[in-house]
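The following exercises are to be worked with the sequence and the model side by side. Each task is followed by a solution in steps.

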Amino acid sequence: MNEHQRLSILHCLAAMENYSANNSIIQSVCATYGNSMTGDKIATQLAWLKEQGAVTLEQHQSYTVACLTKRGLDVEIGLATMPGVKRPGPRV
């Protein structure tokens with residue numbers, strides 16, 4: 001489940017115009033992908049993705065902004081693999 005949730009977060013960020021979104025938007029978009037997560041779970045997955053170099057995080061008082069890195073985008077589109085993130089399916 002963690003692998004699928006992490007890929008959903010990467011998909012969400014890749015779909016954003018500037019490759020970034022706050023934790024609340026990520027939570028809503030991931031739910032549309034069928035990955036409903038609590039705020040704590042989103043925070044945990046974002047921290048893990050940051051440790052792997054897939055995202056950067058900017059902390060604010062009441063929210064966090066995540067920004068997709070080049071490495072994260074490579075994983076999201078399937079050019080690279082990252083243990084702990086589900087490999088994306090083929091694009092149709």
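In helix α1, Ser8, Ile9, Cys12 and Leu13 meet Ile26, Val29 and Cys30 of helix α2, where contact means heavy atoms within 4.5 Å. This is a predicted model, in which local features need pLDDT of at least 70 and side-chain atom pairs count only at pLDDT 80 or more, while totals for chains, interfaces and linings use all residues. Residues are numbered from 1 along each chain as its sequence is written, and side-chain values use heavy atoms, with hydrogens and water left out.

**Exercise 1. The contact of α1 with α2**

Determine the class make-up of the contact of α1 with α2, and then the angle at which the two helices pack.

Solution. Step 1: by class, the contact has 6 nonpolar, 1 polar and no charged residues. Here Ala, Val, Leu, Ile, Met, Phe, Trp, Tyr, Cys and Pro count as nonpolar, Asp, Glu, Lys and Arg as charged, and the others, Gly among them, as polar.

Step 1: α1 covers residues 2-15 and α2 residues 23-32; helices (H or I, at least four residues) and strands (E, at least two) are DSSP runs, numbered from the N terminus. The angle between α1 and α2 is about 110 degrees, and their axes are 9 Å apart. α1 is therefore roughly perpendicular to α2; angles under 35 degrees count as roughly parallel, over 145 as roughly antiparallel, 65 to 115 as roughly perpendicular and the rest as oblique. Axes are lines fitted to C-alpha atoms, for helices over the stretch in contact, and angles run from 0 to 180 degrees between N-to-C directions.

Step 2: the crossing of α1 and α2 is right-handed. A crossing is right-handed if the near helix is turned clockwise from the far one by less than a right angle, and left-handed if anticlockwise.

**Exercise 2. The contact of α1 with α4**

Find the angle at which α1 and α4 cross, and list the residues that make the contact.

Solution. Step 1: the axes of α1 and helix α4 (residues 70-77) cross at roughly 110 degrees and come within 9 Å. This makes α1 roughly perpendicular to α4.

Step 1: the crossing of α1 and α4 is left-handed. α1 contributes Leu7, Leu10, His11 and Ala14, and α4 contributes Gly72, Leu73, Val75 and Glu76. These residues divide into 5 nonpolar, 2 polar and 1 charged.

**Exercise 3. The sheet**

State the strand order of the open sheet and identify which strands stand at the edges.

Solution. Step 1: the open sheet of 3 strands has the order β1-β3-β2, with antiparallel pairing. Two strands pair if DSSP finds at least two bridges between them.

Step 1: β1 and β2 are at the edges, each with a single partner strand, so one side of each is left without a neighbour in the sheet. Neighbouring strands are turned by 20 degrees against each other on average, direction ignored.

Step 2: strand β1 (residues 20-22) is joined to β3 by 3 bridges, with Asn22 opposite Val65. Strand β2 (residues 55-59) pairs with β3 over 5 bridges; Val55 stands opposite Leu68, and Glu58 has Val65 as its bridge partner. A hairpin through 4 residues joins β2 to β3.

Step 3: in a regular strand the side chains alternate between the two faces of the sheet. Buried means under 20% relative accessible area, exposed over 50% and partly exposed in between (1.4 Å probe, protein chains only).

Step 4: helix α3 (residues 39-51) lies across β2 and β3, running at about 125 degrees to β2.

**Exercise 4. Two residues**

Is Gln5 buried or exposed, and where is Tyr19 placed?

Solution. Step 1: Gln5 lies in α1 and counts as buried because its relative accessibility is 7%. Apart from neighbours within four places in sequence, Gln5 is in contact with Asn35, Met37, Lys41 and Gln45.

Step 1: Tyr19 is in the loop between α1 and β1. Tyr19 is partly exposed, with a relative accessible area of 37%. Although not a glycine, Tyr19 has a positive phi of about 60 degrees.
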